[in-house]
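Colleague: Could you walk me through how this one is packed? I have a few quick things to ask.

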Amino acid sequence: MNIARSIRRFGLPFRPVGAEDGYLYLTHTPLYLYILTAFTYIFGENILFLRLTTVGFSIGSISLVYLIVRGSKNKTSASVATLLLAINPFWALYSFYIYMEIPMCFFALLSIYFLLKKEETKKEGYYIGVGGAVALSVLVKEFAILFWFALTIYVVLFASKWREKIVGL
């Protein structure tokens, strides 16, 4: 909440704790802090509404799991996968508190959804969605860069157009 307040005042993730003048809070990438700041502009400095931001990302992630599994398997498998994620105690805990992991997972799942849509429809425009979602995931938490590497390996080795280029070498 202090960081969101300082973003509203100064435009930077400035943490007024510690040193006399404070310091820049650059431990993680700041996108989620800016999202929370936007919600403090709308709803005021209310911790419940900030937690609801994370809950919203959690519900979106659960919905994306359903869509991803339904697209590759069937509705029963999608319902089971969604239920398993929804009742996971760690997911429930992280979904209620203001952690960056849930929005990172949301954008990572969104990139998988776009990638599967690209494979299904063969439209190259979905790669823009994949790239944008991965970029947002990395901007929420830098750990998602590992996910970008995994997606790159998938696209190079298994995506239809790239596979043909590699085999043709």
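This is a predicted model: local features need pLDDT of at least 70, side-chain atom pairs count only at pLDDT 80 or more; totals for chains, interfaces and linings use all residues.

Colleague: Okay, which residues have the most contacts inside the largest nonpolar core?

Modeller: Those are Tyr32, Phe57, Phe106, Phe107, Leu110 and Val140, in a core that has 24 residues. The elements giving two or more residues to this core are α2 (31-43), α3 (47-72), α4 (75-87), α6 (101-121) and α7 (126-140).

Colleague: And which of them gives the most?

Modeller: That is α3, which contributes 7 residues to this core.

Colleague: What does Val140 touch, leaving out residues up to four places away in sequence?

Modeller: With those neighbours left out, Val140 touches Thr29, Leu31, Tyr32, Met100, Pro103, Met104 and Phe107.

Colleague: Switching to helices, at what angle do α3 and α4 pack?

Modeller: The angle is about 155 degrees, and their axes are 8 Å apart. Because angles over 145 degrees count as roughly antiparallel, α3 is roughly antiparallel to α4. The crossing of this pair is right-handed.

Colleague: Which residues meet there, α3 against α4?

Modeller: From α3 there are Ser61, Ile62, Val65, Tyr66, Val69 and Arg70, and they meet Lys75, Ser77, Ala78, Ser79, Ala81, Thr82, Leu85 and Ala86 in α4. Sorted by class, that contact has 8 nonpolar, 4 polar and 2 charged residues.

Colleague: How about α6 and α7, what are the angle and the distance between axes?

Modeller: They pack at about 170 degrees with their axes 8 Å apart, and that angle makes α6 roughly antiparallel to α7. Here α6 passes α7 in a left-handed crossing.

Colleague: Which residues are in that contact of α6 with α7?

Modeller: On the α6 side the residues include Pro103, Met104, Phe107, Leu110 and Phe114, while those they meet in α7 include Tyr126, Val130, Val134, Leu136 and Val140. The residues of this contact divide into 14 nonpolar, 4 polar and 2 charged.

Colleague: Last one: where is Val138, and what does it touch beyond residues up to four places away in sequence?

Modeller: Val138 is in helix α7, and, with those sequence neighbours not counted, Val138 touches Thr29, Ala144 and Ile145. The C-alpha atoms of Val138 and Phe107 are separated by 8.8 Å, with the two residues 31 residues apart along the chain.

Key: Residues are numbered from 1 along each chain as its sequence is written. Side-chain values use heavy atoms; hydrogens and water are left out. A nonpolar core is a set of buried Ala, Val, Leu, Ile, Met, Phe, Trp, Tyr and Cys residues joined through side-chain atoms within 4.5 Å. Buried means under 20% relative accessible area, exposed over 50%, partly exposed in between (1.4 Å probe, protein chains only). Contact means heavy atoms within 4.5 Å. Axes are lines fitted to C-alpha atoms, for helices over the stretch in contact, and angles run from 0 to 180 degrees between N-to-C directions. Angles under 35 degrees count as roughly parallel, over 145 as roughly antiparallel, 65 to 115 as roughly perpendicular and the rest as oblique. A crossing is left-handed if the near helix is turned anticlockwise from the far one by less than a right angle, and right-handed if clockwise. Ala, Val, Leu, Ile, Met, Phe, Trp, Tyr, Cys and Pro count as nonpolar, Asp, Glu, Lys and Arg as charged, and the others, Gly among them, as polar.
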